[in-house]
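Visitor: I am new to this structure and would like a close look at a single part. Could you take me through the sheet and what lies around it?

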Protein chains: 2
Amino acid sequence: MLVLHYASIDPHSRFVRLALAEHGLEAEFIEERLSERRRELLELNPAGTLPVLRDNDAVICGANVIADYLDETRGQELGSRRLLPGNPVERAEVRRLLHWFNGKFYDEVTNYLVTEKFIKRARIGGDAAPDVTAIRAAKANIRYHLRYISHLVSKRDFLGGDWLSFADFAAAAHLSSADYFGDVPWDEELNAKSWYARIKSRPGFRPLLSERIPGVPPPPHYADLDF
Amino acid sequence: MLVLHYASIDPHSRFVRLALAEHGLEAEFIEERLSERRRELLELNPAGTLPVLRDNDAVICGANVIADYLDETRGQELGSRRLLPGNPVERAEVRRLLHWFNGKFYDEVTNYLVTEKFIKRARIGGDAAPDVTAIRAAKANIRYHLRYISHLVSKRDFLGGDWLSFADFAAAAHLSSADYFGDVPWDEELNAKSWYARIKSRPGFRPLLSERIPGVPPPPHYADLDF
């Protein structure tokens, strides 16, 4: 029995939800609040971060670690659709991009947006004003990441190579969180936009796109597959 | 032919040097300056970070990605001394700690110390004063990490389980960088100290402990195996 501790807007949780869906895996979902660290969650993951996957008694912490765990325990069943595919060099390229999006993109873009536009308002009595400098930095940085995505898909069919891999779902997960807040300048990078349209049409994306933060509606194109 | 692009004080580079040594692998070492991003390095690793491992034509970027690559290409030769050992759950625990030390510990401790105490002075014309707030944060945070190491080795023989793993070398690599600057309060956590003494005595540690930053001597105990 799989149980995922997640938060809806958290890009790392989104990545794992997409990965579970691609593996055809059902799970029980336990929603955590990003604005607090429950003691029970800290007992599962001393870092206090999401997502955490429980597989019966096993506790697997963190997006990249969960990706490797899913590949090691369920990857072979996917055959040629395996998300960490190929030889060790090709796998290293997918892992490099997993770190890029779950690490660098998060540090430079999604962490700022989720903290300033969601966590600060979600805290009890949360009336801290968003830090406009942080939001401005995220909006500047995302342009550079979109350009990098356009660059990668101009050379390859997908981000990590010529097959769909964990790299695509990590990038799409972070972009979907930023897109909820209307902070992705899609029209500046049409290659990145058409790659995202392909990933966004995967069935596993549907539940993510249907969820709403109360009082914070996403832009009209957010859930539109032909945006 | 393996080639490692590294910087001496960089904890992620130290981790990979220790991992190469444990695998009995020879490599050519190319020292990079942490204070500048050479164009040739950016062409190898668009993130501009160290370390980068070249294995003939393959380019493997980043400490955790290199660890998985070494395990996948050379791990079996180590037999029972494999550094990413065991079943998928045990491997996930080693990877969780790899992220802990190469990610969280770096963000909270070593990045501050290396930036403030080394990179700022190494820049051409570098006379920027160290940010004392950042150094103070690193010194406060390291206590919490040392306590966590003591906690782990009170339950297990090594950090990731009852065998030496990549987790030990990641933690020891970061601690050795902090220790160079005299910023590890060893006497507060004797369990962590005796675990570190065991890892520090591995032959692969010797070259690291013999290197010096011109004008910045380490404390007397730094290279002492019975510190």
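Guide: Let us begin with a term: two strands pair if DSSP finds at least two bridges between them. Strands (E, at least two residues) and helices (H or I, at least four residues) are DSSP runs, numbered from the N terminus. This is a predicted model, in which local features need pLDDT of at least 70, side-chain atom pairs count only at pLDDT 80 or more, and totals for chains, interfaces and linings use all residues. Residues are numbered from 1 along each chain as its sequence is written, chains are lettered from A and ligands numbered from 1 in the order in which they are written, and side-chain values use heavy atoms, with hydrogens and water left out.

Now to the sheet in chain B. Its four strands form an open sheet in the order S2-S1-S3-S4, with mixed pairing. The edges belong to S2 (28–31) and S4 (58–61) of chain B; each has a single partner strand, so one side of each is left without a neighbour in the sheet. On average, neighbouring strands are turned by 20° against each other, direction ignored.

Look next at S1 (residues 2–6) and S3 (residues 52–55) of chain B: they run antiparallel and are joined by four bridges. Here His5(B) stands opposite Val52(B) of S3(B).

Finally, find helix H1 (residues 11–22) of chain B, which lies across S1 and S2 of chain B. H1(B) runs at about 155° to S1(B). Axes are lines fitted to C-alpha atoms, for helices over the stretch in contact (heavy atoms within 4.5 Å), and angles run from 0 to 180 degrees between N-to-C directions.

As for the two chains, a rotation of 180° with 0.0 Å of shift along its axis superposes chain A on chain B, with an RMSD of 0.0 Å, by least squares on the C-alpha atoms of residues with pLDDT of at least 70 in both. That is the relation of a two-fold axis.
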